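Please take a moment to look over the sequence and the fold shown here before reading on. The paragraphs after them begin at a single residue and then widen to the rest of the chain.

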Amino acid sequence: MKNGRYLVKRLLYIVFVFFIISILMFFIYKATPGDPVKMMIGDTSNLTPERYQVMYERYSELLGVDKSLPEQYFRWITNMLRGDFGYSIQYKRPVIDIIGTPMKNTVILNLCSMLVVFLISIPLGILQAVKKNSLFDKAVQVVTIIGYSIPSFVIALLAIYVFAIKLKWFPISGVKTAGFEGTEAAAALDMAKHMVLPVLVMSLGGLGSITRYVRAAMIDTLRMDYIKTARAKGLRERVVIYSHAFRNALIPIVTVTTWWIVGLFGGSIVIESIFLWRGLGMMLLDGLMQRDFAVVLTMQMFYVVLALLGNVIMDLAYTLVDPRVRLES
């Protein structure tokens, strides 16, 4: 019951913060220089003043900028809550019609990166904790510190130089080979080849941070008295480590993992731009360059919702990994 009341309060908090941030972002973008209507009209050299005025009024109504700023905001937020994200001046189409493919590409890229990180970092961190201060532990610590410290764009450029230019193992950029034709299986394989380098670069930073947190959490847990008691009872070491120690080390791991996942979607903007991966990140940057504020605001609100939901997911994850945790206001 307490958990239910807590979640209701958290959801109300999310709604409140969502609207406050939406107001701030909307008016900040509206305060930036530039007329989106003029940008949408484009070249006016062949237009008469009368024709230009007709087009200006029509596009102003289409973009919703023919009203006062408060009216524009309420129209925008109402439409957004109904699934209408506005009209893109860059693509000259509704945003809802152009967001599907970039969303799919970004989700695929991030899910693959998360899978790689979890499959490697969790067993590696546990093994480090079990073999604390060994040569293996120290070597992995050095590697993870290097991977965690080097900026992702530097790793991306090195990966392109080594694996794409010198060794020619993988494509330099893009989602698929230009003009590619083939079966669905061949298309999936072609996309996988293009995805290897972005996933590699995105995974390295996560591997460093998650592995270090798993190691630290496991070391603290392995020092506890109940672990010594479990060993004294003659339980197998595998049971002690995975059934007792790792389960109780999950709370700090859940915290850092949740925020890493939330940050991963935002961090993929840089990687998508370097590798020309047509996802939400590239779409956001293109929208900023073209002042396509319908696209930009949609992308920004997506990241806001993702961050707000991350808090609730993290609280729920606490109760799943440790039933003793009770959510209270």
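Leaving out residues up to four places away in sequence, Q72 touches F26, K30, G64, V65 and K67, where contact means heavy atoms within 4.5 Å. Q72 has its place in helix α4, which covers residues 69–81; helices here are DSSP runs of H or I with at least four residues, strands are runs of E with at least two, and both are numbered from the N terminus. Q72 counts as buried because its relative accessibility is 9%, the term buried standing for under 20% relative accessible area, exposed for over 50%, and partly exposed for what lies in between, with a 1.4 Å probe and protein chains only.

A few conventions belong here: this is a predicted model, in which local features need pLDDT of at least 70 and side-chain atom pairs count only at pLDDT 80 or more, while totals for chains, interfaces and linings use all residues. Residues are numbered from 1 along each chain as its sequence is written, and side-chain values use heavy atoms, with hydrogens and water left out.

Seen as a whole, the protein chain holds 14 helices and two strands. Of its 329 residues, 38% are buried. When contacts in the protein chain between residues at least 6 apart in sequence are considered, 72% of them join residues at least 24 apart. The protein chain exposes about 18500 Å², of which carbon and sulfur atoms supply 66%; accessible areas come from the Shrake-Rupley method with a 1.4 Å probe, and for residues only the protein chains shown count as cover.

How are two packed helices described? The description uses the angle between their axes and the distance between the axes. For α6 and α9, the packing angle is about 35 degrees and the axes are 5 Å apart, the axes being lines fitted to C-alpha atoms, for helices over the stretch in contact, and the angles running from 0 to 180 degrees between N-to-C directions. The crossing in which α6 passes α9 is right-handed; a crossing has this name if the near helix is turned clockwise from the far one by less than a right angle, and is left-handed if the turn is anticlockwise. Sorted by class, the contact of α6 with α9 has 22 nonpolar, nine polar and one charged residues, where Ala, Val, Leu, Ile, Met, Phe, Trp, Tyr, Cys and Pro count as nonpolar, Asp, Glu, Lys and Arg as charged, and the others, Gly among them, as polar.

Helix α6 spans residues 100–130 and includes M114. With a relative accessibility of 9%, M114 counts as buried. Although M114 and V199 are 85 residues apart along the chain, their C-alpha atoms are separated by 9.0 Å.

The loop between α6 and α7 holds K132 and also N133. K132 is partly exposed, since its relative accessibility is 37%, and N133 is likewise partly exposed, at 48%. N133 is not a glycine, yet it has a positive phi of about 65 degrees. Apart from neighbours within four places in sequence, K132 is in contact with D137, R215, I219 and R223.

A search of the whole structure finds three salt bridges. Another of them joins the side chains of D220 and R223, at 3.6 Å from N to O, and D220 is partly exposed, with a relative accessible area of 42%. The side chains of D286 and R278 also meet in a salt bridge, at 3.3 Å from N to O. D286 is partly exposed at 21%, and R278 is partly exposed at 38%.

One further loop, between α8 (152–166) and α9, is where K168 is found. K168 has a positive phi of about 55 degrees although it is not a glycine, and its relative accessible area of 63% makes it exposed.

Conventions: Salt bridge = Lys/Arg side-chain N within 4 Å of Asp/Glu carboxyl O.
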